[in-house]
Amino acid sequence: MHVLAIKTLSLCSIAVLAAALLSSGCIGCIACAEDGCGADISPGPTPCGDCEEEPWTPTNHSPEDLAELKNRSVFFAHNSVGQNIIDGLKTIEPSFASSFLKGGQQPQNAKGIMEHNMGDNGNPTAKLNRFVTLLNNGGNQTQIALFKFCYVDFDRNTQVDALTTAYQSALTDLQNRFPHVTFVHVTAPLYHHTSSYDNNVRERFNGWLRSTYGNTVFDLAQLESVDSKGDTALSRDGKTIALAEEWSSGDGHLNAKGSQHVASAFIAFLAQLKLPPQSQL
């Protein structure tokens, strides 16, 4: 029996429930927006019966989280901000460095995180296609797979609607072909609040990602925007979140403190992520 998380009982949620009951399998969490029918039956990897209506809440890791992550197999494709996160993780736990693998493929039963450089900064579509290629060429031999865009992949000329369509199509296809892999979705990192870079464009994509994939989203942007006092950094428009001064190296990268801040949440997220039984390598 499928367990479905319905946020509100409305015409919208009834319609979504009906669609879900007609489907042949559990394909993700269901949520209905408060201000209208924003419901989406996401093609995310959340196992049947484990859907949750609330997104994952950023938190610091525990010793148990770190131990659990060391026993999980993760494929992580990224560029510089991703490297900031990895550097923060290594600072938190230097011994974890021995678990990091380099290269294009992940050996069967490998534990820890294998990194791969995405390249193609400024071309999000090329990065998406590259991730698909990496999964097809061996990256699927893992329990968890994720990649992240960079802040430089978004500007005022970015066609967000076209990108979200391509992203959802690609990830749906990957999930169908590799049901044993849990795919994680990462919000695009932000730029420092003093810049004229378009954080509002990044947040258009991020908002879609959050509403579509729910608790399988690692919300990097949210982590970046809230400082240790709980204050939210805003862009020049005074409305859109930005990379907080406390975590920033002065542009879109994380400083040492920011790297550890995000890495701690990264460890907790990956360790606490519910995996389907077939993902145990």
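The side chain of Asn 206 reaches the backbone nitrogen of Ala 188, at 2.7 Å. Keep in mind that this is a predicted model.

Let's stay with Asn 206. Where does Asn 206 lie? In helix H6, residues 199–213. Is Asn 206 buried or exposed? Its relative accessibility is 0%, so Asn 206 counts as buried; the cut-off for buried is under 20%. Which residues does Asn 206 touch, leaving out those up to four places away in sequence? Thr 187, Ala 188, Leu 190 and Ala 221.

Next, Ser 95. Ser 95 sits in a loop, between helix H3 (80–92) and strand S2 (101–102). Relative accessibility here is 41%, so Ser 95 counts as partly exposed. The Ser 95 side chain has a polar contact with the Glu 93 side chain, at 2.5 Å. Another polar contact links it to the side chain of Lys 70, at 3.3 Å.

Last, a helix pair. Helix H4 covers residues 124–139 and helix H5 covers residues 160–177. Their axes come within 10 Å and cross at roughly 5°. Because angles under 35 degrees count as roughly parallel, H4 is roughly parallel to H5. Who makes the contact? From H4, the residues include Leu 128, Phe 131, Val 132 and Leu 135. From H5, they include Leu 163, Tyr 167, Leu 171 and Arg 177. By class, the H4 and H5 contact has 11 nonpolar, 2 polar and 1 charged residues.

Notes
Residues are numbered from 1 along each chain as its sequence is written. This is a predicted model: local features need pLDDT of at least 70, side-chain atom pairs count only at pLDDT 80 or more; totals for chains, interfaces and linings use all residues. Side-chain values use heavy atoms; hydrogens and water are left out. Helices (H or I, at least four residues) and strands (E, at least two) are DSSP runs, numbered from the N terminus. Buried means under 20% relative accessible area, exposed over 50%, partly exposed in between (1.4 Å probe, protein chains only). A polar contact is a pair of N or O atoms within 3.5 Å; within protein, one must be able to donate a hydrogen and the other to accept it, and residues adjacent in sequence count only if both atoms are side-chain atoms. Contact means heavy atoms within 4.5 Å. Axes are lines fitted to C-alpha atoms, for helices over the stretch in contact, and angles run from 0 to 180 degrees between N-to-C directions. Angles under 35 degrees count as roughly parallel, over 145 as roughly antiparallel, 65 to 115 as roughly perpendicular and the rest as oblique. Ala, Val, Leu, Ile, Met, Phe, Trp, Tyr, Cys and Pro count as nonpolar, Asp, Glu, Lys and Arg as charged, and the others, Gly among them, as polar.
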